[in-house]
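Let us walk through this structure piece by piece. Keep the sequence and the 3D view side by side.

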Amino acid sequence: MTTDCLHCGDPVPQHSEGGADFCCKGCRGAYELINGLGLKTYYERRVIDPDAKILRPEDDTVKIDYCAHINDENGLKTVYLMVEGIHCAACVWLIETVLGKQDGVVQARVNMSTRRLVLKWREETLDPNDLIAKVSALGYRLVPYDPCLLNSENEKQEKELLRAMSVAGFAAANVMLFSVSIWAGYSQGMMDSTRDFMHWLSALIALPAVAYAGRPFYRSALTALKAGRLNMDVPISLAVLLAAGMSLFQVITGAEHAYFDSAISLLFFLLIGRYLDRRARGRARGAAEHLLGLNAVAVTVLSEDGNKILLPPEQVKDGMIVLCAAGERVAVDGQIIDGISDIDTSLISGESVPVMAKVEDKVFAGTVNLSAPIKIRVLATGEGTLLAEIVRLMEEAEAGRANYVALADRVARYYAPVVHLLSLGTFIYWFFFAGVVWNEALLNAIAVLIITCPCALALAVPVVQVIASGRLMRQGILVKTGTALERLAHVKNIVFDKTGTLTLGRAELVNKEKIAQTDLELAAALAGASKHPLSRALCRAVPHIAVKSGVLEVPGRGLQWEKVRLGSRQWCGLAEAPLSDGPELWLDKGDGLPVCLQFADHLRPDAKEVVARLQASYQTHLLSGDRVEPVRKVAEDLNIQDWKAQCSPADKCEVLTHMEAALMVGDGLNDAPALAAAHVSLSPSTAIDVSQTTADAVFQGDKLKAVLEVLGVARKAERLIKQNFGLAFLYNSVTIPLAIAGYVTPLIAAVAMSTSSLVVIANALRLSKGKVS
């Protein structure tokens, strides 16, 4: 007798590694985690509540995230999870450090924008559930990764902060009225009983507000302390509670002064800073979230009997037939098997003009079908789609550890012990050596706790990287490595490949006007039977011509139909004819002089303008493996003085090795070693896979202006990062001595700390728009 897995509902095999109630270890761990979070399991969602929207999709999310790990060629396992409770770069550092120290873990990367944890490990050495427990012990929650859940969690936290800020603001306004009355009463002979009554009214308003509005800080601080660590919410919580507790003690003992106005106003300004910080992060995070959300659609699958079945993308398998109606977003990567339509590929290519797609053309997840329904044979879904790869490239770029990020992490890592020592030292100095009363000494210590919070320093680099990646993404440029922007900012030489880089890499018929229409149509009728690049170019130049029946393709020579030949000059008997400047085909009808069809690989539309602008700031070079004649022509057209033809991959690497801070822009297989050898590298999206993989960044579309954009963004990003570091250190160098010297109240400290973070964010947001040159 078999039993069903409590988590996924599948039959439990004998001697299951998951135990008697689970089909595998993954289901057992997922069941324990999901129940701990109070969510429904995969089986419960499918059977009991199929329409529930807590997690997406309704039946496979949890099982995929915890059981069906992704394998790679090195025998590694990869899993994607979402981490809840991340507030700053210090949280990211802590999670990555703890996981990275576990035996068997190859990579642990937390993306601050999407909060996705990418975890890679060797399965034979550890149980992934042990790793989940390590992160949970730190006080963070791990949940199945889902874009919809990400958005809902962000909205939930923003609403909580907004409510807390409203309560704190209301309380601060009212407490301040009582404080004004007390201050005015000092000069008008207010009785002690009246003053105490005002203090008690302030306490009745302020203390409940402090307890409610401070929950975001208290919860984070308590979680950190339970895990035996410190974060930046610990000194903030300590400062607020100390100010409120000291004021309550003053009221109980009938003392002259109370500081409820400072405590609640302090909390109010801290909440304003935290809320605006989250909003700003959300704005910078928008590009990645938008891309992730494009996957959240249902897919119409056609069964063998013609019936339509709605499935989430994760359930769609390779080889299935999918129907995409007009106006729908394509949810899978696949090949059209029926229908013709216009496809909006702006997400993939960066071009706003739709392209026509017909049978045998490929379409990609995230693009939009505009005109007519099409049937698609599925080639890839989920994490295998081009859209998922784009998201991964963005996350890898943001998660990379550049030199500036490493510096900020090292500084932020040690701030908590230093902060508490400074605060304690301030209290000891004022109370024991300066001889002030204990409450004033404590206020000075509280001000130090608040003003030394390194929010601005922690934000200095990540917010610039996120905004830079988002801007480049909108321009169709994918930055793949975290240090790429840093290296791009120091480029001095730019080396171009020719074919497919400076040129479109696509042959075009150039002497169409010199050829008779009947000859063109005859040649196109033969060319339609071949997939040769020149045959395809001829068909593009003379479209809508029916293909001749019985066309024979002779390997290495050309095409033959009856007595007509279309192919090389040698095959058509014209070996002695003058050579053309570019590729050519000859049409021999057998009854006269053969006709030459000349082709050319045109320059990219903006190549001349872009190269001219680059030459104003950089040294430009051209290295190509092509023949001397076409390379010379391109170099002359673009006014590139330093060029070299017939270069082998080794030749290119040799040149780049001795060139200072070189940016290599190339696309071919022979460019891959050069792309790796260069200081930094860039590749068009039309490049072969190995070149795109090797390059530090990939750009979409036919325009070369992406080179200008990525260099400009990199230079401006470096300037902004340096400015942010300068602002953060200036803030600390000015405010910390003032706080220790007793010139800064807790309220002023709260305003200053929040303002410093907002200034850094506002400075970084200048990168999202405007010119970068």
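Which residue follows H23, and is its phi positive or negative? The residue is Asn639, and its phi is positive, near 60°. Helices (H or I, at least four residues) and strands (E, at least two) are DSSP runs, numbered from the N terminus.

A word on the source. This is a predicted model, in which local features need pLDDT of at least 70 and side-chain atom pairs count only at pLDDT 80 or more, while totals for chains, interfaces and linings use all residues. Residues are numbered from 1 along each chain as its sequence is written, and side-chain values use heavy atoms, with hydrogens and water left out.

Stay with helix H23, residues 628-638. Its buried residues are Pro630, Val631, Val634, Ala635 and Leu638. Buried means under 20% relative accessible area, exposed over 50%, and partly exposed in between (1.4 Å probe, protein chains only). Seen down the axis of H23, the buried residues fall within an arc of 135°, so they line one face of the helix. The arc is that of the directions from the helix axis to the C-beta atoms. Among the elements that cover these residues are helix H22 (607-615) and strand E22 (595-603).

The rule asks for a side-chain nitrogen of Lys or Arg within 4 Å of a carboxyl oxygen of Asp or Glu. Lys633 is partly exposed, at 47%. Asp637 is partly exposed too, at 32%.

By this rule there are twelve salt bridges. Another one pairs Asp696 with Arg487, the closest N and O atoms being 3.1 Å apart. Asp696 lies in the loop between helix H26 (689-694) and strand E27 (697-699), and Arg487 in helix H18 (residues 484-488), so the pair ties together parts that are 209 residues apart in sequence. Asp696 counts as buried, at 9% relative accessibility.

Now look inside. The largest nonpolar core has 51 residues. Such a core is a set of buried Ala, Val, Leu, Ile, Met, Phe, Trp, Tyr and Cys residues joined through side-chain atoms within 4.5 Å. Helix H27 (residues 705-740) gives the largest share, eleven residues. Leu711 is among those with the most contacts inside the core. Leu711 touches residues including Ile494, Leu614 and Leu663, not counting residues up to four places away in sequence. Contact means heavy atoms within 4.5 Å.
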